[in-house]
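Dear colleague,

I am passing on the structure we spoke about, with the sequence alongside it. Please have a look at it first, and then read on for what was found.

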Amino acid sequence: MSRDNKSCFNKFCDLLGYGAVSFVFFLAKILPIQLLSLFFGCLAVLLSPFIPTTYLVLRNLEYTMPELPLIKRIYTMFMVWYNLGQFIGEYPYIYKMKKGKIFKYVNIIDKNFIEEIKNNKTGSIIFSGHLSNWEAGLRALIDSNLKINVVFRES
């Protein structure tokens, strides 16, 4: 494939991606978060057999948990895709929510934790994995009036 053809293909893929993201944000304007989350969760599960990464997930589950029955590995793989689909459906809502509404979806177990961080004059470091919809937790910290900086490492 020549450089020009590859460039056209990349532009086409970028345009397709832009259209998909625009569609998700459009749906977020007309559908409630629970419905969009469910829709994209189910859509991801339905499309997962056509995504090559699905079989990598199953193979990795077999390597890491050989004692797990095949049906449970398949269920786990589907739940991975379902969770990813939910993330896609919920993402457009996170930063457009009114202040404090995020706590309807994020549960902070130890409420004293936030007050301790606020009262700590030397600062605090919070470690977080990139798990599921971790941006919602970040939004909850912002809504708690914490001054925060985010540092990340590319994987």
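Predicted model: local features only at pLDDT ≥ 70, side-chain atom pairs only at ≥ 80, totals over all residues.

As for the overall architecture, the secondary structure of the chain consists of 6 helices and 0 strands, so that, read from the N terminus, the order of elements is α-α-α-α-α-α. The chain is more spread out than a compact globule, because its radius of gyration is 20 Å, well over the 15 Å that the globule rule gives for 155 residues. The C-alpha trace spans about 60 × 45 × 35 Å along its principal axes, and 26% of the 155 residues count as buried.

Helix H4, which covers residues 70–94, packs with helix H6, residues 134–143, at an angle of about 20°, and their axes are 10 Å apart. Since angles under 35 degrees count as roughly parallel, H4 and H6 are therefore roughly parallel to each other, and their crossing is left-handed. On the H4 side the contact is made by Phe-87, Tyr-91 and Ile-94, while H6 brings Glu-135, Ala-136 and Arg-139 to it. Sorted by class, this contact of H4 with H6 has 4 nonpolar and 2 charged residues, with no polar ones.

Conventions: Residues numbered from 1 in each chain as written. Heavy atoms only, no water. Axes fitted to C-alpha atoms, helices over the stretch in contact; angles between N-to-C directions. Helix = DSSP H or I, 4+ residues; strand = E, 2+ residues; numbered from the N terminus. Parallel < 35°, antiparallel > 145°, perpendicular 65-115°, else oblique. Left-handed = near helix turned anticlockwise from the far one by under 90°. Contact = heavy atoms within 4.5 Å. Nonpolar A, V, L, I, M, F, W, Y, C, P; charged D, E, K, R; others polar. Rg over C-alpha atoms; globule rule 2.2 N^0.38 Å. Buried < 20%, exposed > 50% of the residue type's maximum accessible area, 1.4 Å probe, protein only.
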